[in-house]
Amino acid sequence: MGIDNCSIADLRMGKISSNILINKNQMTFPISLRARFDRNGWLFFFLAAYCVIAYAGLKTYIRPFSVNCILGIVALFSAATVKVTGKRTLRFLWPALIFAVLYIFIPAKTLLFASLVMAGFFALETFVGRTNYLAIFCLILMSPIVEYAANIFSFPVRLFLTSAAGEIMQIIDPGTHIEGNMIINGLSEFSVDPACMGLYMLVTSFLAGIILIGIIQQKQNKIISIWGFFICMGLIFLLNIISNLFRIIFLVYYNIVPGSLMHEITGIVCFLMYVIVPAAYLIKYYVGRFGKVVNATAPLSTEKPRSIHLLHNFFLLGMVCMVVVYGRDMSANDRRPVK
């Protein structure tokens, strides 16, 4: 069934299915894989090319089997939507070029990753339509640089958690005292460091929040603004702090040492109970209360991209290829320390 021949009734009755959702405001009509291949073969060509470049240029920068990478892919399929429109924009072309040029002078894999992400979004918006902000934040959170930043800026959070948990434990057990980022209870010492599982799962909780937002928006047929998204992320951040506080208290009170199976199980249980479950209810309430209803009767655009749009994508693809070849073995991430 071609996309130009399908009717709105067919779309509503579910005769066409896929993971990309569209409509006038942002979502709701699924498009079949066959229709997308018939109309958007170039899109898959460019995306495949960027995947090959990413594999060759990024090397070990991306950890494809990490929790955050897998969760990010799930978030993309569950939350990303595309608004089909005949109007093409260059909003991702210029950032992709800027990051590519910067990579020549500052060969850091983060810049190449950003250029490839922007290039992929530019191809998507050229051949399908305008993507929503959830897809953009998914790929940002999947970047390892976000984990590094979270570890660096979590230092005051670690001090706060140590102090708060220590004071609560002193009420329960007066023999507990605090030294820096360490809680000492009898002969046992507990430290809240960057490798702390709870704080390490901060990015994971944000990705899980995006999945929840995407699923709830589809069920309620509503969307929230980008400011509403930041409010939801702020709530998840606060829930993550609360989860870590309870987790530390449980670990110290029951003397659960790091490296044990119970240590990991405690972290996962606290994450589910104090982050995921309350976040699901809060996001559901927020979307239902402040979300805007999606218009589900929008006609589909049949306008195809012109030759100039194809040339833009080939130019960007060639530019990215050149900087990857030029910066081969020059990346700051690949340099070995001087002995």
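Predicted model: local features only at pLDDT ≥ 70, side-chain atom pairs only at ≥ 80, totals over all residues.
Author: Residues are numbered from 1 along each chain as its sequence is written, and side-chain values use heavy atoms, with hydrogens and water left out.

Reader: Why is Thr 266 called buried?

Author: Buried means under 20% relative accessible area, exposed over 50%, and partly exposed in between (1.4 Å probe, protein chains only). Thr 266 has 11% relative accessibility and therefore counts as buried. Thr 266 lies in helix H13 (residues 261-290); helices are DSSP runs of H or I with at least four residues, and strands are runs of E with at least two, numbered from the N terminus.

Reader: Which residues is Thr 266 in contact with, leaving aside its neighbours within four places in sequence?

Author: Contact means heavy atoms within 4.5 Å. On that basis, the residues are Arg 247, Phe 250, Leu 251 and Ile 256.

Reader: What makes strands S5 and S6 a pair?

Author: Two strands pair if DSSP finds at least two bridges between them. Four bridges join S5 (residues 176-179) to S6 (residues 182-185), so the two strands pair; they run antiparallel. His 177 stands opposite Ile 184 in S6.

Reader: How many bridges are there between S6 and S7?

Author: S6 and S7 (residues 188-191) pair over four bridges, in the antiparallel sense. Asn 185 has Ser 188 in S7 as its bridge partner.
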